[in-house]
Amino acid sequence: MAKLVEAIKENKSKRSGPPNRMNDLNYSTWMKFQKSFFRFESIQTLIEEYVHFFTKATWPEGDHSNTLIIGFDQFNVSEIQAPRNLVHYNNVSEMSEVLDALKKESEKLNYYDLVLIDMFNCLIDMKDLEIFLDEYSDEVFTIMKNILKPERYCSIFVNMEGIGGGGFPIPWAVAKASRSYLRLRDEKVGLRELENTIFYCLIMQQKEDEDQGHKINTKNIKICNDTAVPGWTIPTAPPRKKNEILHPAKYPETLVKEFIELFTEQGDNVLDPMVGTGSTVVASIETERNGYGIELNKKYADIALKRVEEKYEPTLFEEYLPQVEGIIINGDASNLNEIDELKGQLFNYCITSPPYWSMLSNKGSENQRKRRKQKLDIVYSEDENDLGNISNYEDFLNKLVEIYNNISEYLVEGSYMTIVVKNIKRDHIVYPFAWDLVSELCGTDGKYSYAGTTLWCQDNIGLKPFAVGTHWVSNTLHNYCLHLKKR
């Protein structure tokens with residue numbers, strides 16, 4: 001807290017750039033808050049950071065900020081100095097008590113710049129979630145919308161179910177249910193390192209959401225907890241070689257190895273239907289598994305093949321040569337039945353990362369500008385069969401679901417598939433890509449059961465000043481590694 005106060009005091013002397021309309025922080029402190037995952041320290045620190053980020057002590061028109069806090073018994077209001085006004089309802093452990101607090105504020109005609117709600121104890125398991133969705137969510141989000149000032153923010157804090165990355169993803173269902181009332185802006189994810197648990201800070205805004213949400217049918221999603229999956233991982237990624245940099249979305253072999261060793265045994269067969277520059281096959285060889293990779297773009301397939309061939313070249317310093325296969329196929333994952341190398345072949349595991357819709361064609365992206373300057377690829381290919389070239393989100397999602405359902409025919413019964421994805425933000429709309437994939441692939445007609453999610457947290461990426469001075473836009477530095485089990 002002392003550091004935060006100092007940052008506020010020094011703000012006037014250090015500030016540069018556009019006027020800060022949101023808070024009293026300097027820009028370096030602003031950017032640190034916008035990191036999409038954080039190591040949890042205490043409720044006190046977390047709530048203080050929220051209040052200081054989303055409100056000014058006094059707004060330009062002279063009004064003092066108003067914040068409503070429901071729950072968070074460990075939070076001490078007196079640590080937030082005047083002239084900020086805070087209303088705190090503590091000793092809240094049931095959803096009915098959350099709703100009662102909201103109703104009282106609504107009846108008083110109180111309006112807030114920020115609303116924070118603790119649902120840690122209200123939503124513990126699937127039974128609690130179903131009651132919330134059926135009986136409470138519509139009224140809770142309606143009142144939140146009504147008591148928030150226009151375009152101001154609110155946040156709901158929700159646990160994941162269980163330890164590690166297993167159990168039903170309760171926060172996803174809560175977020176989807178909010179979207180008919182509030183604009184879903186993003187999430188921050190808290191890592192409780194000692195407990196090996198995760199919680200979500202769902203961030204919403206009092207504004208229409210162009211992509212109107214719909215509730216997840218929790219009864220339709222099939223869950224399995226046969227294998228304990230980690231809640232998060234922060235792998236050390238080796239520097240990318242010159243030919244690997246050409247690919248706009250490569251993931252590190254260290255990440256792949258972690259999951260290969262979790263879900264397979266030595267000598268097993270591993271498949272990546274969208275292998276890019278070959279990370280999965282290289283990781284398979286290095287862990288003594290047979291790796292098969294399919295890549296639509298011949299340029300990337302050639303790079304992948306060269307990288308694989310290098311693993312079989314003898315050196316003066318290494319007597320061991322791989323006794324497993326590394327196979328790269330220049331082909332189309334949407335037509336697996338036309339690939340001769342796969343005929344009669346079964347796999348013990350599949351890991352892959354699909355294109356993130358057509359995001360690579362978003363010309364406003366800072367990453368895109370950087371790659372253009374370096375004359376690197378900014379799209380996967382110009383091929384009309386490339387998933388990254390599909391313009392409509394629903395069409396893209398349906399095509400990808402079809403591919404993954406077809407892959408199940410090549411998987412040994414009871415084996416796993418891991419899909420590495422991010423949710424997508426485009427034109428101020430959040431497309432919950434990861435959540436939608438799980439709903440479709442693990443629903444009534446899907447081929448898989450949901451086995452959990454491991455967050456791939458990227459600690460080696462610098463923060464960017466997105467929307468500094470105007471509104472909340474996170475630096476999304478966590479990916480969802482979705483683990484699915486073939487039924």
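This is a predicted model: local features need pLDDT of at least 70, side-chain atom pairs count only at pLDDT 80 or more; totals for chains, interfaces and linings use all residues.
Reader: What is the strand order in the open sheet?
Author: The order is β8-β16-β17-β13-β12-β9-β10-β11. That is an open sheet of 8 strands, and the pairing is mixed.

Reader: Which are the edge strands?
Author: They are β8 (232-233) and β11 (326-330). Each of them pairs on one side only.

Reader: How many bridges join β10 to β11?
Author: There are 5 bridges. Strand β10 covers residues 290-295, and β10 and β11 run parallel.

Reader: Which residue in β11 stands opposite Gly293?
Author: Ile328 does.

Reader: Which strands does helix α10 touch?
Author: Helix α10 (residues 279-286) packs on the sheet and touches β9 (269-272), β10, β11 and β12 (347-352). Its direction makes about 175° with that of β10.

Reader: New topic. Where is Tyr431?
Author: Tyr431 is in strand β15, residues 429-431.

Reader: Buried or exposed?
Author: Tyr431 is buried, because its relative accessible area is 16% and buried means under 20%.

Reader: What is Tyr431 in contact with, leaving aside neighbours within four places in sequence?
Author: Trp357, Tyr393, Asn423, Ile424 and Arg426.

Reader: And how many residues apart in sequence are Tyr431 and Asp211?
Author: They are 220 residues apart in sequence. In space, Tyr431 and Asp211 are 7.9 Å apart, C-alpha to C-alpha.

Conventions:
Residues are numbered from 1 along each chain as its sequence is written. Side-chain values use heavy atoms; hydrogens and water are left out. Helices (H or I, at least four residues) and strands (E, at least two) are DSSP runs, numbered from the N terminus. Buried means under 20% relative accessible area, exposed over 50%, partly exposed in between (1.4 Å probe, protein chains only). Contact means heavy atoms within 4.5 Å. Two strands pair if DSSP finds at least two bridges between them. Axes are lines fitted to C-alpha atoms, for helices over the stretch in contact, and angles run from 0 to 180 degrees between N-to-C directions.
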